[in-house]
Amino acid sequence: NSDFIGKEVPSNHLNSDVNDNNLIEWVDGFLSIAIENGYIAIIDNIDEAQPTILERLNGLLDKSAGEKFATPENANRSSITINKDFHLLCTSKYENFDQMSPAFINRFDVVFLEDQIERNEINIKSLIKKLIIHAYKKLNIIMSDQQANKDSKIIKIIDLIYSKVDHSSINMSNLSQLCMTVTKFDDYFQKIKEKPKNLVDLIVNFSINLLNKNENFEIPKLLKEELLSDLKSPEEQIESVDDKFFFNNLEPLKDLMAKLYACSLINLPVCIVGQTGIGKTSLAREFARIRPLSDNSIQFLMQSFSSDTKPKHIFGTPTIKNGKINFNNGTLLTSMIKGLTFIADEFNLSPISTMKAVAPAFEPINDQSIIISGIDEPIKVSPNFFFIACQNELGMVGRNKIPSTIDYKIRFFDYPKQKI
């Protein structure tokens, strides 16, 4: 409730010269701010909300504009006048919709988004073209509709994507992600000196395979060599207390390193899965050291997860020292802000609630300001931030299944099995 309605926090006056005896002050939550100022409050995945949240929303939805919404948590103001322009917009997964209270659902105008794509060749190709143009624009490559119609490479990309995707099941989110990935890799692989005639084919196929979240695949040799050539050489690496991790003579490990780097280029979170003690974490740490986007002084931050790990351990906590309030950023929050590689070791040992709390790290919102539950100020996520989870297979004792709310956003890789 505190993130929605508001909470009491240590007063900022503790950090100033203002003579004020109030050690605690009230800070409105985003819902209270929206109610008072007439904003639209968007609650994603309302089907995942705790019953206490739904109870408070029920009370709010019973009211009309101009009436008072009770805020008994706030000792200084017991209610808020509902602005006439305030609106509440919620999303829910279709399969969980019927599990919510009918009384709660009946307070909404419900819109079902069944299919956003007109499934015929002309419309799908037109949509792909628009998504490709938009993706290039994000790379500061401006292209008009007319230019795209005359560009042979763009026409080929559109035809290839159309021929490769399943027209009956592809959705807008996946198609948009695929178009963005293809354009990023097309831009990245332009540095290849001797480009083969089938380079566009290789890029499109590689993009599709990389986004197929659970399938292992063989990376084309040309693309693998180009990706590996960007990683830091031993001479470029700074000193480390870690033991050396050797992978250059093992093709399966080189293959995985290239795929990790490719995922980092498109901000796709990854999870390396394998048995205990085979080298998952060592590989992740080595990758963070040789990744060219890593900070020169801090290569990565790592958090060892367990059944006791809570969101505050990775995002941070406020502390009072010498009469002043400081917020100590956690390992994940620091990595997001500074653009570091964050390694979530033994990720699936943590509680389901903690894994769900990591969701903001998986959103494609790099270089934008976001609000994270429990953090008072918005943070700006660096475009260089990269998330790697390492975990044992699900059948082992104490392991939890990654919740569906984040599972579909992660690219899983099996650690290569050792040949004896």
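Me: Where does Glu346 lie?
Reply: In the loop between S11 and helix H15 (352–357). Bear in mind that this is a predicted model.

Me: What is phi of Glu346 near?
Reply: Phi of Glu346 is near 55°. That is a positive value in a residue other than glycine. Most residues other than glycine have a negative phi.

Me: Is Glu346 buried or partly exposed?
Reply: Partly exposed, because its relative accessibility is 23%.

Me: And Asn267, what about its phi?
Reply: Asn267 has a positive phi of about 55°, and it is not a glycine. Asn267 is in the loop between H11 and strand S7 (270–273). With a relative accessible area of 23%, Asn267 is partly exposed.

Me: Back to S11. Where is Ala344 found?
Reply: In strand S11 itself, which covers residues 341–345.

Me: Why does Ala344 count as buried?
Reply: Because its relative accessibility is 0%, and buried means under 20%.

Me: What does Ala344 touch?
Reply: Leaving out residues up to four places away in sequence, Ala344 touches Gln303, Phe305, Phe387, Ile388, Ala389 and Cys390.

Me: How far apart are Ala344 and Ile388?
Reply: In sequence, 44 residues. In space, C-alpha to C-alpha, 6.1 Å.

Me: Let's zoom out. How many helices and strands does the protein have?
Reply: There are 16 helices and 15 strands. The radius of gyration is 24 Å, close to the 22 Å that the globule rule gives for 420 residues, so the protein is as compact as a globular protein of that length.

Me: What does the C-alpha trace span along its principal axes?
Reply: About 70 × 55 × 45 Å.

Me: What share of the residues is buried?
Reply: Buried residues are 43% of the 420.

Me: And contacts, what share joins residues at least 24 apart?
Reply: 69%, counted among contacts between residues at least 6 apart in sequence.

Me: What about the surface, how much of it belongs to carbon and sulfur atoms?
Reply: 50% of an accessible surface of about 23200 Å².

Me: Now helices. Which residues of H10 are buried?
Reply: H10 covers residues 221–230, and its buried residues are Leu223, Lys224, Glu226, Leu227 and Leu228. Note that Lys224 and Glu226 are on that list.

Me: What do they pack against?
Reply: Three helices: H8 (172–188), H9 (199–211) and H11 (251–265).

Me: Charges next. How many positive and negative charges?
Reply: 47 positive and 54 negative. Their mean positions are 4 Å apart.

Me: How many salt bridges does the structure hold?
Reply: The structure holds 21.

Me: Start with Glu36. What is its partner?
Reply: Glu36 pairs with Arg77, with the closest N and O atoms 2.9 Å apart. Glu36 is in helix H2 (residues 30–37) and Arg77 is in the loop between strand S4 (68–70) and strand S5 (79–81), so the bridge ties together parts that are 41 residues apart in sequence.

Me: How accessible are the two?
Reply: Glu36 is partly exposed at 33% relative accessibility. Arg77 is partly exposed too, at 27%.

Me: Which residue does Lys125 meet in a salt bridge?
Reply: Asp159, at 3.0 Å from N to O. That pair links distant parts of the chain, with Lys125 in helix H5 (residues 121–138) and Asp159 in helix H7 (residues 152–164), 34 residues apart. Lys125 has a relative accessible area of 23%, so it is partly exposed. Asp159 is also partly exposed, at 34%.

Me: What does Lys129 pair with?
Reply: Lys129 meets Asp145 in a salt bridge, 3.1 Å from N to O. Lys129 is in H5 and Asp145 in helix H6 (residues 145–150), 16 residues apart.

Me: Is Lys129 buried or exposed?
Reply: Lys129 counts as buried, because its relative accessibility is 13%.

Me: Last one. Which residues are linked in a network of salt bridges?
Reply: Asp47, Glu48, Lys93 and Lys356.

How values were computed: Residues are numbered from 1 along each chain as its sequence is written. This is a predicted model: local features need pLDDT of at least 70, side-chain atom pairs count only at pLDDT 80 or more; totals for chains, interfaces and linings use all residues. Side-chain values use heavy atoms; hydrogens and water are left out. Helices (H or I, at least four residues) and strands (E, at least two) are DSSP runs, numbered from the N terminus. The radius of gyration is taken over C-alpha atoms; the globule rule is 2.2 Å times the number of residues to the power 0.38. Buried means under 20% relative accessible area, exposed over 50%, partly exposed in between (1.4 Å probe, protein chains only). Contact means heavy atoms within 4.5 Å. Accessible areas come from the Shrake-Rupley method with a 1.4 Å probe; for residues, only the protein chains shown count as cover. Lys and Arg count as positive and Asp and Glu as negative; His and the chain ends are not counted. The place of a charge is taken as NZ of Lys, CZ of Arg, CG of Asp or CD of Glu. A salt bridge is a side-chain nitrogen of Lys or Arg within 4 Å of a carboxyl oxygen of Asp or Glu.
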